[in-house]
Every structure is written in C-alpha cells, then in structure tokens.
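Student: I would like to learn how to read a structure like this one. Can we go through it feature by feature?

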Amino acid sequence: MSPTNPRNAMNDGILLELDRVDAFYGAAHILHGLSLQVRSGERVALVGRNGVGKTTVVNTILGLASLRGGQVRVGSQILLRPRPYNAAQNGVVVVPQGRRIVANLTVEENLLLGAATGRPGHWTVPRIYELFPILQERAHTPGTALSGGQQQMLAVGRALMANPSLILLDEPTEGLAPVIVDQLAVIFNQVAAQGTALLLIEQNMSLVVRVAERYYAMAKGAVIAQGAVHDSRESLQDLEAHVMV
Ligand SMILES: Nc1ncnc2c1ncn2[C@@H]1O[C@H](COP(=O)(O)OP(=O)(O)OP(=O)(O)O)[C@@H](O)[C@H]1O
C-alpha cells in the first residue's frame, strides 16, 4: 500500500497494517521498525519468545504503547495517534491476554458488552451460543465463575459480538489444558471459515499449525522471519525454533 494514496487504501483488502513502527513505553524503545499486514479472511500467527514485544504490537494498535515512528492502519483508516476505540470502530477487535472478563457481570452481560460498537453482522447471542453451548448453559452465572477455558470462550464470544473483520487473539491458550486447546483450535477454524480474519499471538505451535496459514516471527521488537504455515511436522519444527528459549 502506498500511504500517499488513500484512494487505493480503501479497497485493497488490508484489515491491519503496521508500517515500520517504532513504539515505546515511556523511554523504553520496544518495537523497532516493525511491519506486518493482515488481509481480509487471512489466518496469520505472530510468534516469538517471551518479552520480544508481541503484546506491545497489540498495545500499539490500541494506543496503549506510544507510536513514535511509522504508522498503523486499521481497516481503511491510517492512525498516526491510535486511540483504544479506533480499532473496534474499524472492525479490528482484541481478545486480550488474561481474558479480562468483567467480574460482576453475567456471561450473557459480558457477551452483550461486546456488541457496544453496534456493528451489524452474522454474530448474535444465539449464534454465539451455537458455537459455545456451554456459555448458554451458564448464561446467568457471573463471568469470572467460569473455568479458565470457558472464560476464554466467553472472551472470544464477546469479541465476535462486535462482528469484527479481524480478531487479534493474544495468547488465548495460555494456561489451558490440551483438551481445551483442541476445542479452541476447532472454534478458531470455524470462526475463520465464517469469514473473520485472525491474528493469533501464540506460544503453542501445535495450535499455530492447525489454525494459521502464514506467520511472522519476532525477536527484539522486530519481525525476523515470515512465511507459510502448514499442518506438518516440518512446519512445526520451523516455528518452534522461533520460540524456544
Ligand atoms: N508497561 C510497560 N512499561 C515498560 N516496559 C514494558 C511494559 N510492558 C511491557 N514492557 C516490556 O516490553 C517488552 C515487550 O513486552 P511484551 O509484553 O510486548 O512481550 P511479549 O512478547 O508479549 O511477551 P509475553 O509472551 O511474555 O507476553 C518486555 O521487555 C517488557 O518487559
């Protein structure tokens, strides 16, 4: 994309683009000329060891880390100073690390929070309950009374309620049992098949090879490798080399 030609920017299928981004927390320089792109309907993984800056990518998009070089684009909007609401307004929704379920709201109320942007689309409460029947069973339970895996399903359901074009998933399987990770792999593929693009930040490469079609690998605040992902042993080994400590 040429940043000087906004007319082309409208219809090129790019949902998210970081272009040579430098981002900081105070004086701490975390992202160094980082570029990545997600297009309509893509399933992209962002991988790398602890502390390389993956969550800072999300925080930069949300304006929670300071963007001091390069630019961020969400949907057709180029953001020189991103604010937390810009992403959701442009169809890019985050499932944050740690899930952040609202404690004093029920499961259903947490889901309805996700619809606050008012974007119309496929996803409604009944459709979320079809995807996650356990959430319907527990609809009137406080959200934080759910198990870790169920809270992750609620966080994904809440994000879908915004009818996003792209969901950013920040380490969605952290701390979850393998059987729950398997269920989430199926769910993420169903969501993608319905047309929503995914940016999956993950340390569990067995999940990445089942969900993603291409990847970016980060080290020290920059992208150091990128390529295709296949559901194969070779691809798994290739990806694991980027996250092994
Ligand atoms: N609010 C903050 N202020 C200053 N430095 C921070 C802040 N948050 C994170 N950092 C630092 O920024 C760097 C990148 O952190 P970040 O959370 O983006 O990494 P990550 O790749 O997401 O790691 P993890 O997998 O552990 O979440 C780390 O060195 C971290 O200590």
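This is a predicted model: local features need pLDDT of at least 70, side-chain atom pairs count only at pLDDT 80 or more; totals for chains, interfaces and linings use all residues.

Student: How many helices and strands does the chain have?

Tutor: The chain has ten helices and ten strands.

Student: What radius of gyration would a compact globule have, and what does the chain have?

Tutor: The general idea is to compare the chain with a rule based on its length. With 245 residues, a compact globule would have a radius of gyration near 18 Å, and the chain has 17 Å, so the two agree. The C-alpha trace spans about 50 × 40 × 35 Å along its principal axes. Of the 245 residues, 41% count as buried. Taking contacts between residues at least 6 apart in sequence, 66% of them join residues at least 24 apart.

Student: Which strands form the open sheet, and in what order?

Tutor: In general, side chains in a regular strand alternate between the two faces of the sheet. Here, four strands form an open sheet in the order E2-E1-E4-E5, with antiparallel pairing. E2 and strand E5 (77–79) are the edge strands, each pairing on one side only. From one strand to the next, the twist averages 5 degrees. Within this sheet, strand E1 (residues 14–25) and strand E4 (residues 66–74) pair over seven bridges. Glu17 stands opposite Arg73 in E4.

Student: Where is there a hairpin, and how many residues lie between its strands?

Tutor: E9 and E10 form a hairpin with two residues between them. Strand E9 (residues 214–219) and strand E10 (residues 222–228) are antiparallel and share six bridges. Arg214 stands opposite Ala228 in E10. In the turn, Lys220 has a positive phi of about 45 degrees.

Student: Which strands does H2 lie across?

Tutor: H2 lies across E1, E2 and E4, and runs at about 75 degrees to E2.

Student: How many residues of H2 are buried?

Tutor: The general idea for a helix is that it has 3.6 residues a turn, so residues three or four places apart point the same way. In H2, seven of the eight residues are buried, so this helix is largely enclosed by the rest of the structure. The buried residues are Lys54, Thr56, Val57, Val58, Asn59, Thr60 and Ile61. Just after H2, Gly63 takes a positive phi of about 80 degrees.

Student: Which residues surround the ligand?

Tutor: The shell around the ligand consists of Tyr25, Ala28, Ile30, Gly48, Asn50, Gly51, Val52, Gly53, Lys54, Thr55 and Thr56. By class, these are four nonpolar, six polar and one charged. Strand E2 (28–39) and helix H2 (54–61) each supply at least two residues of the shell. H2 gives the largest share, three residues.

Student: Now a single residue. Why does Leu131 count as partly exposed?

Tutor: The approach is to count C-beta neighbours inside 10 Å. A residue with 20 or more is buried and one with 12 or fewer is exposed. Leu131 has 18, so this residue counts as partly exposed. Leu131 is in helix H5 (residues 125–131). Apart from neighbours within four places in sequence, Leu131 is in contact with Ile187 and Gln190. Leu131 and Met153 are 22 residues apart in sequence, with 9.3 Å between their C-alpha atoms.

Conventions: Residues are numbered from 1 along each chain as its sequence is written. A residue is near a molecule or strand if its C-beta atom, placed from the backbone, lies within 6 Å of it. Ala, Val, Leu, Ile, Met, Phe, Trp, Tyr, Cys and Pro count as nonpolar, Asp, Glu, Lys and Arg as charged, and the others, Gly among them, as polar. Two strands pair if DSSP finds at least two bridges between them. Axes are lines fitted to C-alpha atoms, for helices over the stretch in contact, and angles run from 0 to 180 degrees between N-to-C directions. Two residues are in contact if their C-beta atoms, placed from the backbone, lie within 7 Å. The radius of gyration is taken over C-alpha atoms; the globule rule is 2.2 Å times the number of residues to the power 0.38.
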